[in-house]
Amino acid sequence: MQKDKNLKMLEDIFNERTQDFNKKFESVKTEVTADSLHDLRVSIRRLQSIFSLLKMFPAVKIKKSITKPLKSIMNPMGSLRDLYIQQEIINKIFIRKNRFVRLCTVKIDKKIRKDEKKTRGAIESFPPDFMQQIDIEKIFLSIADMDVHRQIKIILTDLFKKFLSHRQKADTDIKAFHRMRIALKKLRYTSEVAQVFFPWITKKVLDDEHSLQQVMGNIHDIDVIIELMKSQSLQDRPLVLLGEISISRLNKARLDLSKEFTEKLNVILSYQKEFVIFPDIADPMSFQTAFLLLLSDIKNKQEIKEVKDALEYAKNIHIIHPLRTALILTEELRMQDAEIITAALLHDTLETKGSVARRESIEQHYGPRVASIVWALTKEDAEEKGVEQYLEKIKQNGEPAKIIKLSDRLDSTRFLDLKNKKKQRAYWKSNINEIMPVCMDISLPYIQFFYAEFKKLWNKMDTDVKEGMELPQPASVT
């Protein structure tokens, strides 16, 4: 009954957004203004967020041709509204326009007239029966037996992580900042859908997302204006000087916005513990969606095929642990190396306790690098008693094997509470005395991640499990 209720809520949201789109579209057909364009674009984004969310469900296939008409009006509208906003920003910053600024506004006005014509043409050619062409009932029927609540939770996790993935470069790279802004839009509009499922997505959370989006939008618009001003080819020395002065004023406005951006971003980061929920892929209803996360950042079709093949190959013994290990690489470390992901999925396939492969067969299917990593991570019979030889293999293989081994151990340690205290203590002893000394000399960002994650788990352990042991802190972690 609960599943039916969740599905009904999702259907109601879709119908509500469809009606809102129709209303806003009729308004734009009557009069094209900055406000009417903004309202229509928001309604389209909200409708698109439903389609994007549904596409993340394993059983749902939505062809690009279905949503193509929305993009056909979204693109010219987006360009036109950006010009309107740039015009507003210039009027606000330059109340008294100098000769150089007036020159730039003339160019913007010219682009506005051109884009207004394109937008009207796109609106007039938009198919009136667009929504009737979508068999939405068939789409909802395909997810009727799924745990909608669980799937949306995983999707939110993925969107939040993609938003965070651009953080380090966003301060210095305009393109990374733009990608972060787009990721925030997707997160915000999906959060609006998810609000009915998760009480922690309050009005304040949505308002904070919107507030950050507005600041990022203003920064983006100023960046565009600065680029426009820098692109002016001028021979007149006084105009050149006026241009430098004008760009300086814009840079000052951007600096003020950057401070506001940092403040508002920190507010969103405070919600990370709610948004980023590591998927419980032991739940078969969310297994396929969790696996899709492995492929989300891999672009090469052959690499995707290899990862998919590795999943099937590894299923012959067990797959939940190897899949979670691979997800640590892709979702928490943001790694995109398909061979390392493949090796993580295969890292238990050579173990004698459940062997389904030989090193030669892995090399034949996946190449020498994958086979070498899997072999380094495989504990042979003689190494069960003397671990030094096993650790030396990992050490000699280098960083990929060490990162996979730490991910392997991190996943198992996260589920240690399922074992008795004697086994918990033995596992931590192995982590501290064997695995960490060999593996924690990897690149600094990875060291920081693994140390922080192991420390969280260590702090939760009972004192009698930890007695006589101390979690080592790598020298590079302060």
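What percentage of the 478 residues in the chain do buried residues make up? The answer is 51%, where buried means under 20% relative accessible area, exposed means over 50%, and partly exposed covers what lies in between (1.4 Å probe, protein chains only). The model is a predicted one, so local features need pLDDT of at least 70 and side-chain atom pairs count only at pLDDT 80 or more, while totals for chains, interfaces and linings use all residues. Residues are numbered from 1 along each chain as its sequence is written, and side-chain values use heavy atoms, with hydrogens and water left out.

As for the overall build, the chain has 23 helices and 0 strands; these are DSSP runs numbered from the N terminus, with helices being H or I of at least four residues and strands E of at least two. Take the contacts between residues at least 6 apart in sequence: 76% of them join residues at least 24 apart, a contact being heavy atoms within 4.5 Å. Accessible areas come from the Shrake-Rupley method with a 1.4 Å probe, and for residues only the protein chains shown count as cover.

K107 belongs to a positive surface patch together with K110, K111, R113, K114 and K118. Patches take residues with over 30% relative accessible area and no salt bridge, joining like charges within 9 Å and nonpolar side chains (Val, Leu, Ile, Met, Phe, Trp, Tyr) within 5 Å. Lys and Arg count as positive and Asp and Glu as negative, with His and the chain ends not counted; a charge is placed at NZ of Lys, CZ of Arg, CG of Asp or CD of Glu. K107 has a relative accessible area of 38%, so it is partly exposed. K118, also found in helix α4, is partly exposed too, at 48%. The C-alpha atom of K118 is 6.4 Å from that of P76, although 42 residues separate the two along the chain.

Next come the charge pairs. Side chains of opposite charge can pair when their charged atoms come close. A salt bridge here is a side-chain nitrogen of Lys or Arg within 4 Å of a carboxyl oxygen of Asp or Glu, and the count comes to 24. One of them joins R99 to D236, with the closest N and O atoms 3.3 Å apart. Because R99 lies in helix α4 and D236 in the loop between α9 (203–230) and α10 (237–269), this pair ties together parts that are 137 residues apart in sequence. R99 is partly exposed at 40% relative accessibility, and D236 is partly exposed at 31%.

Another salt bridge links R167 and D171, at 3.2 Å between the closest N and O atoms. R167 is partly exposed at 22%, whereas D171 is exposed at 51%. D207 and K203 also meet in a salt bridge, at 2.7 Å from N to O. Both lie in helix α9, 4 residues apart, or about one turn of the helix. Salt bridges that share partners also join R17, R46, R188 and E192 into one network.

Finally, there is a backbone detail. Most residues other than glycine have a negative phi. R334, however, has a positive phi, near 60°. R334 sits in the loop between α14 (320–332) and α15 (338–346) and is partly exposed, at 21%.
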